[in-house]
Amino acid sequence: MLSSSSSTRPVDEDTTKYNPLHKSAEADKFQIFEQWLRDNGAQFPQLELRQYDKQNDTTNNNHEDNEGLCYDTIDNEAEEKKDGGASDMGQSADSVAMMSLDNNNDATAIDDGSNEMRSVHATSPIPPQTVCVSIPKSCLITVEMGQQTPIGKSILHSDVELDAPKHIFLMIYLLWDRKVNGSKSFFAPYYDILPQTLRNMPIFWNAQELQYLEGSHLLTQINDRSDAIREDYERICSISPHDFPTIASLEDFRWARMIVCSRNFGLLINGHRTSALVPHADMLNHHRPRETKWTFCEERQCFTITTLQSIQAGCQVYDSYGQKCNHRFLLNYGFCVERNVEVDGFCPNEVPLELGLDGFGGVVLFGENLLNEGFFGGEANKECRDKKLAFWTRGEHGGSHIIIIIIV
């Protein structure tokens, strides 16, 4: 339940007790953020945040085959997360955010957001089966909190259909609380460390940058996502025409959608399935095979992250965002994995092929009529073919196209 005390609790203004990572004023907000968590019962005694250093970034991870894994490079998708849950066969997230930015001659006009990025590192050796992060329920932003806002209630009482309902309510709380309570919000220290720009996500790329994806189905997915975000915004404005436009612009809404998309955790909290934003936990980068696991612990009433193996002092502590196609990694998190292969050799990348129907009812792929090639059994099995076509083209206007996903 949303209460006034949970949304307006003032933040301790005394920053003299904080130990900045370095002397810049920019770093102070991360120390304030960590102290806010500790003051409210969070524990991460063996972890520290490190600033992403683009100058020292390399594309190779140093893999030490001994008592733990150590990855000395800092991935530049450092604050992107989650919708559930990579070896010489391992996977670490390699961001493509700089792909077009580095090739842009007007580099001074580009803010890639790297100065706001942090990664999580061990300050001392961490044994397996150690709870290395514990975040109290009071520090989580849940779907139910968004539903209890005035705009959330309006959405619940309407019959509006939204593209991503759980994401929407997290977005609503984030946008509403930041606007209504501002610096007095209980979550203000968390909001302050969220990246203000998401330039590594293709949703925010310009036309020149999108040219790098020419020929990829991802362009269609980006357009579909942009359309869905716009349509959701317009639908919410239609049921809350006086309040919501003053809370968030379309650009604010797009930012919130991708913040939530890249950071939310699907959780079972006290027997109730929900989604939540989990401060600090959402700053762990992606790596497979996974070296940590997370859950909501009912006994502690905390979100916890537990190590699955030894992690050496100074090494980055990773989470796994799951086994996903690079399309999903890039669209939802702003990076892709160069060698996206599981330990057993399986590659989760997918290639969608669009099939069109010719004027005679045949299926055409790359100019070849698959009906004549026996793909659907030929004329001898016309009834079976028609049933398959009706199933595969359901929901398509005119039934003229089929999308088949091929795992590669």
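Predicted model: local features only at pLDDT ≥ 70, side-chain atom pairs only at ≥ 80, totals over all residues.
Helix α12 holds the buried residues Asn326, His327, Phe329, Leu330, Leu331, Asn332 and Tyr333; buried means under 20% relative accessible area, exposed over 50%, and partly exposed in between, with a 1.4 Å probe and protein chains only. Seven of the eight residues of α12 (residues 326-333) are buried, so the rest of the structure largely encloses this helix.

Residues are numbered from 1 along each chain as its sequence is written, and side-chain values use heavy atoms, with hydrogens and water left out.

**The chain as a whole**

- The chain has 13 helices and 17 strands. Helices (H or I, at least four residues) and strands (E, at least two) are DSSP runs, numbered from the N terminus.
- Of its 408 residues, 51% count as buried.
- The accessible surface of the chain is about 19200 Å², and 49% of it belongs to carbon and sulfur atoms. Such areas come from the Shrake-Rupley method with a 1.4 Å probe; for residues, only the protein chains shown count as cover.

**Sheet β6-β8-β7**

- Three strands make an open sheet in the order β6-β8-β7, with antiparallel pairing. Two strands pair if DSSP finds at least two bridges between them.
- β6 (141-142) and β7 (265-269) are the edges, each with a single partner strand, so one side of each has no neighbour in the sheet.
- β7 and β8 (residues 272-277) run antiparallel and are joined by five bridges. Ile269 stands opposite His272 in β8.
- Helix α6 (residues 165-180) packs on this sheet and touches β6 and β8. Contact means heavy atoms within 4.5 Å.
- The direction of α6 makes about 45° with that of β8. Axes are lines fitted to C-alpha atoms, for helices over the stretch in contact, and angles run from 0 to 180 degrees between N-to-C directions.
- Asn270 lies in the loop between β7 and β8. Asn270 has a positive phi of about 50°, although it is not a glycine. At 41% relative accessibility, Asn270 is partly exposed.

**Sheet β5-β11-β10**

- Another open sheet of three strands has the order β5-β11-β10, and its pairing is antiparallel.
- β5 (131-136) and β10 (292-297) are the edge strands, each pairing on one side only.
- On average, neighbouring strands here are turned by 15° against each other, direction ignored.
- Six bridges join β10 to β11 (residues 302-307). Trp294 has Ile305 of β11 as its bridge partner, and Thr295 stands opposite Thr304.
- The hairpin of β10 and β11 has four residues between the strands, and Gln301 there takes a positive phi near 55°.
- Pro289 sits in the loop between β9 (285-288) and β10. The peptide bond from Arg288 to Pro289 is cis, with omega near 0°.

**The loop between β4 and β5**

- Ser124 is in the loop between β4 (118-122) and β5. Ser124 is partly exposed, at 23% relative accessibility.
- Not counting residues up to four places away in sequence, Ser124 touches Gln46, Ile311 and Ala313.
- Ser124 and Ile311 are 187 residues apart along the chain, with their C-alpha atoms separated by 8.4 Å.
- Gln129 is found in this loop too. Gln129 has a positive phi of about 60°, although it is not a glycine, and is exposed with a relative accessible area of 52%.

**Aromatic rings**

- There are 20 aromatic pairs. Rings of Phe, Tyr and Trp (its six-membered ring) pair if their centres lie within 6.5 Å; planes under 30 degrees apart count as stacked, over 60 as edge-to-face and the rest as tilted.
- Trp36 and Phe187 form an edge-to-face pair, 6.1 Å centre to centre with 70° between the planes. Both Trp36 and Phe187 are buried.
- Tyr173 and Trp176 have ring centres 5.9 Å apart and planes at 55°, so their pair is tilted. Both lie in α6, three residues apart, about one turn of the helix. Tyr173 and Trp176 are also buried.
- One aromatic cluster consists of Phe33, Trp36, Tyr173, Trp176, Phe186, Phe187, Tyr190 and Tyr191.
- Arg118 lies over the face of Phe30, at 3.9 Å from the ring centre. A charge sits over a ring if NZ of Lys or CZ of Arg is within 6 Å of the ring centre and within 35 degrees of the ring normal.
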